[in-house]
Amino acid sequence: MNQVALVGRMTKDPILRRLSEGRLQTSFILAVNRNFKNKHGEMDADFILCTAWGKVAENTAKHCGKGSLVGVGGRIQSRTYEREDNSRVFVTEVIGEEIRFLSTKRRTNDNLYGESEGNVQQSGGNESKAQQEKVSTNFHLPQIEKEGLPIY
């Protein structure tokens with residue numbers, strides 16, 4: 001079984017990309033609180049790479065921005081690629097098959113495609129259909145300071 005349910009805040013505005021084959025893709029980092037304190041008595045957060053495809057990607061980029069509280073339901077995917085210097089890069093990410101907008105923030109940039117609209121980026125991921133699962137919101141959620149870092 002490969003299922004993930006996360007609730008957290010976006011650390012930046014998601015940027016929508018249209019790939020060469022016409023598919024839409026967006027990636028974003030989700031700040032998610034841990035349920036325990038570290039040895040200094042402070043709460044920590046994990047910063048998790050999330051990717052969405054198709055209509056889910058389009059709606060996420062359109063309606064969410066830095067600081068938006070979202071629930072992500074999907075699966076974990078691992079992949080590798082080689083850089084130009086022939087070094088191998090390993091990536092583990094959550095493929096968001098369903099993204100719930102729990103509280104949205106106004107985008108800081110109204111251009112959904114960001115700076116890379118003219119640069120079509122290639123990806124090896126597979127597009128998934130959005131599933132109709134409800135994401136639980138019974139988590140301790142971080143607040144976002146002006147700098148975009150979670151506070152507790």
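Reader: Which residues touch the most other members of the largest nonpolar core?
Author: F28, L30, V70, V72 and I99 do, in a core of 18 residues. A nonpolar core here is a set of buried Ala, Val, Leu, Ile, Met, Phe, Trp, Tyr and Cys residues joined through side-chain atoms within 4.5 Å. Buried means under 20% relative accessible area, exposed over 50%, and partly exposed in between, with a 1.4 Å probe and protein chains only.

Reader: What should I know about the model itself?
Author: The model is predicted: local features need pLDDT of at least 70, side-chain atom pairs count only at pLDDT 80 or more, and totals for chains, interfaces and linings use all residues. Residues are numbered from 1 along each chain as its sequence is written, and side-chain values use heavy atoms, with hydrogens and water left out.

Reader: How many helices and strands are in the protein?
Author: There are 1 helix and 8 strands. From the N terminus, the order is β-β-β-β-α-β-β-β-β.

Reader: And how much of the protein is buried?
Author: Buried residues are 39% of the 152.

Reader: Let's look at the helix. Which residues of α1 are buried?
Author: G54, V56, A57, T60 and A61. Seen down the axis of α1, they fall within an arc of 155°, so they line one face of the helix. The arc is taken from the directions from the helix axis to the C-beta atoms.

Reader: What is exposed on the other side of α1?
Author: K55 and K62 are exposed there.

Reader: What covers the buried residues of α1?
Author: The cover includes β1, β2 (15–18), β3, β4 and β6.

Reader: Switching to β3. How does β3 pair with β4?
Author: The two run antiparallel, joined by 10 bridges. Strands count as paired if DSSP finds at least two bridges between them.

Reader: What's in the turn between β3 and β4?
Author: The hairpin has 5 residues between the strands, and G41 in the turn has a positive phi of about 80°.

Reader: What about β2 and β3?
Author: They pair in the antiparallel sense over 4 bridges. I15 has S27 in β3 as its bridge partner. This hairpin also has 5 residues between its strands, and G22 takes a positive phi near 95°.

Reader: And β1 with β3?
Author: Antiparallel too, with 2 bridges. R9 stands opposite A31 in β3.

Reader: One residue, then. Is Q25 buried or exposed?
Author: Q25, found in strand β3, counts as buried at 7% relative accessibility.

Reader: What does the Q25 side chain join up with?
Author: A polar contact of 2.6 Å joins the side chains of Q25 and S27. A polar contact is a pair of N or O atoms within 3.5 Å; within protein, one must be able to donate a hydrogen and the other to accept it, and residues adjacent in sequence count only if both atoms are side-chain atoms.

Reader: What else does Q25 touch?
Author: Leaving out residues up to four places away in sequence, Q25 touches I15, L16, R17, L19, T51, A52, W53 and A57. Contact means heavy atoms within 4.5 Å. A57 is one of the buried residues of α1.
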